[in-house]
Each structure stands twice: as structure tokens, then as C-alpha cells.
Amino acid sequence: MMSPDPTLLSPRRRSTQPPESGRLAVALLAALFLAVFLPSTHAAERLDIDLLLQPLVQEHQAPAMRLPDQQGNEIDLQALRGRVVVLNFWATWCAPCRREMPALERAWQRLQPHGVQLLAVATQDDPQMLARFLERNPVTFPVLLDESGEAAQAWPFSGIPATFVIDGEGRVVYRALGEREWDSEPVLGRILGLRQSPETD
């Protein structure tokens, strides 16, 4: 009796590799996915940062502002021409303002070495309450006093906190209405991107 051919009894092993046409189709699908979804991802990231720091469609020169700090030293905004300035309007009676102070301090520690100036304007605030708050929550950037709120009226906002970013030419280029994480990388990157020269590094 003849033995059966073992090749007829053994199951044929299937190739784990797709045919050439299948590999080509997979590659085309992958390329299509990258072409469609990657740009939309970048657009979404830009939309996110635009919501955090709103670019002003019509850039305008920053209003003149000269205010004293807590020690009585007057700071003139126009004297800072040539530097990027982050100008924050706040008050101790404003809860979101108080919450974002630590983030502003952390941002200041990152921005100061690059020549960026951060100013916080305490508007319509009580000097004694301000002093007590800053004693408990010290910051190292200048805090200016606008007791009457007159200086704030020259800027386009109706509630605080409100923050403006001014470029080296004195133009207001970004605005943020409401509380922000000022030490986040996207926000810091956008601010530092306004520097005119690497010499300020």
C-alpha cells in the first residue's frame, strides 16, 4: 500500500505578508491620512492659541500711560519702547485676577531674561488691600496703581483681568480677556516671538 504524499496532508501555510498591491494600498491610505489630518491638527493648535491670545485685526499704538508703583516710582509705558511689554489690568477684589497672579509671576521669571517687561496695573483698588494681598502673595514684577481707573478707560476692555501684549514698536498686537495660564509654552512662545532681535536673549 502506498503511503500518502505528506504534502497533500499538511495544511498549506498562508503568507503573513500582504500582496504587493495590498501594501501599495496601505501606503496610499497612510499618505492620504497624513495629508488630510495633519494640516487640520496644526490649524486646531493655531486656533487654540488664538483663543488664548487674540490677535488684534487692527493693531494700534498703545495709549500713553504713566503710573506710580507701590514705592511711588512712576513708570512711563512709552519709555519702554523697543521692548515687548505684557500689560495686565487686575484688582484684588477680582477672584480670577488673584488666581492668575502666580502664573504671571512664573511667566515673568521666564520672560525677564529675554528683555520682555511685565506690568500689572491694579485698577480701582484699595492701596491697603493691595499691600496686604501682595504681602501674602509676593510678586517680583512692577505693580502700578490706578486708583481712579482713569488709565484703564483708555484700553478696550470692560472687565478684568484683561491683558495686552505690546510689541517693540509700541503697537498693541494681542489681547486676552479673562484668566490665563501665562506660563504655558504656547503663550510664552507667542510673546517671545515678538522680539525684534536675538540680542535681547
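Q: What makes R106 and D183 a salt bridge?
A: Their side chains meet at 2.6 Å, N to O, and a salt bridge is a side-chain nitrogen of Lys or Arg within 4 Å of a carboxyl oxygen of Asp or Glu, so the pair qualifies. The two partners come from distant parts of the chain: R106 sits in helix α3 and D183 in the loop between β8 and α5, 77 residues apart. Helices (H or I, at least four residues) and strands (E, at least two) are DSSP runs, numbered from the N terminus.

Q: What kind of model is this, and how are residues numbered?
A: Happy to say: this is a predicted model, where local features need pLDDT of at least 70 and side-chain atom pairs count only at pLDDT 80 or more, while totals for chains, interfaces and linings use all residues. Residues are numbered from 1 along each chain as its sequence is written, and side-chain values use heavy atoms, leaving out hydrogens and water.

Q: Why is R106 called partly exposed?
A: Its relative accessible area is 40%. Buried means under 20%, exposed over 50% and partly exposed in between (1.4 Å probe, protein chains only), so R106 is partly exposed.

Q: Why is R99 called exposed?
A: R99 has a relative accessible area of 52%, so it passes the cut-off for exposed. The side chain of R99 also meets that of E179 in a salt bridge (3.0 Å, N to O).

Q: What makes β4 and β7 a pair?
A: Two strands pair if DSSP finds at least two bridges between them. β4 (residues 85–90) and β7 have five, in the antiparallel sense, so they pair. Here V86 stands opposite V165 in β7.
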